[in-house]
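This briefing concerns aromatic rings and their surroundings. Please look at the sequence and the structure before reading on.

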Amino acid sequence: VVVPGYIGARSVKGLSRITLQADPSDNYYQQVAYTTPEGHMIGEYPVNALIQTPADGEVIPAGNADRVDFRGFALVGGGRGIARVEYRVDQGDWMRAELSPSDSPWSWHRWTAVLPPLERGEHVLQVRAVDTAGNHQPAAIEDVWSPKGYLNNAWHTVRVMVR
């Protein structure tokens, strides 16, 4: 069963029946493991942007540091779209990435950006998104902690080394 916009934490491997009921299940996973810090059951996928390239820990030759391929994707549930994706380098100012058109609000929204030339040394790249309802990604994992680690949509951070 695929339900657009809802997380895949319930990852059903085989489905033999579906039971409809008026209230949420009282099993452990639904009541404890799949909950937010406030105790609400998780469901809709929150706004999230991820860096695909460069990879965390990637070493970039100094000769290529002015043309780093910087891209990723963003997604959100609830039928909302991605309003914008922003990125920053080394805790600098947030800049807007370019969003590619998306087929529907239920699909990934690809983004790309042109990084400024990177000097030799370590650099921290971060990305965050805002959806069409104004929901933002939180800055830190502590803001979205859940018992099983589900729905971690904190700003995605990668570290790269220019040598």
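Are Phe70 and Tyr87 buried or exposed? Phe70 is buried, and Tyr87 is buried as well; buried means under 20% relative accessible area, exposed over 50%, and partly exposed in between (1.4 Å probe, protein chains only). The model is predicted: local features need pLDDT of at least 70, side-chain atom pairs count only at pLDDT 80 or more, and totals for chains, interfaces and linings use all residues. Residues are numbered from 1 along each chain as its sequence is written, and side-chain values use heavy atoms, with hydrogens and water left out.

**Aromatic pairs**

- Rings of Phe, Tyr and Trp (its six-membered ring) pair if their centres lie within 6.5 Å; planes under 30 degrees apart count as stacked, over 60 as edge-to-face and the rest as tilted.
- By this rule there are 4 aromatic pairs.
- The ring centres of Phe70 and Tyr87 are 5.5 Å apart and their planes are at 70°, so this pair is edge-to-face.
- Phe70 belongs to strand 3 (residues 69-75) and Tyr87 to strand 4 (residues 82-89), so the pair ties together parts 17 residues apart in sequence; strands (E, at least two residues) are DSSP runs, numbered from the N terminus.
- Phe70, Tyr87 and Trp111 form one aromatic cluster.

**Trp94 and its partners**

- Trp94 and Trp155 form an edge-to-face aromatic pair, 5.0 Å centre to centre with 75° between the planes.
- Trp94 counts as partly exposed at 22% relative accessibility, whereas Trp155 counts as buried at 19%.
- The charged end of Arg128 sits over the ring of Trp94, 3.8 Å from its centre; this requires NZ of Lys or CZ of Arg within 6 Å of the ring centre and within 35 degrees of the ring normal.

Terms used:
Helix = DSSP H or I, 4+ residues; strand = E, 2+ residues; numbered from the N terminus.
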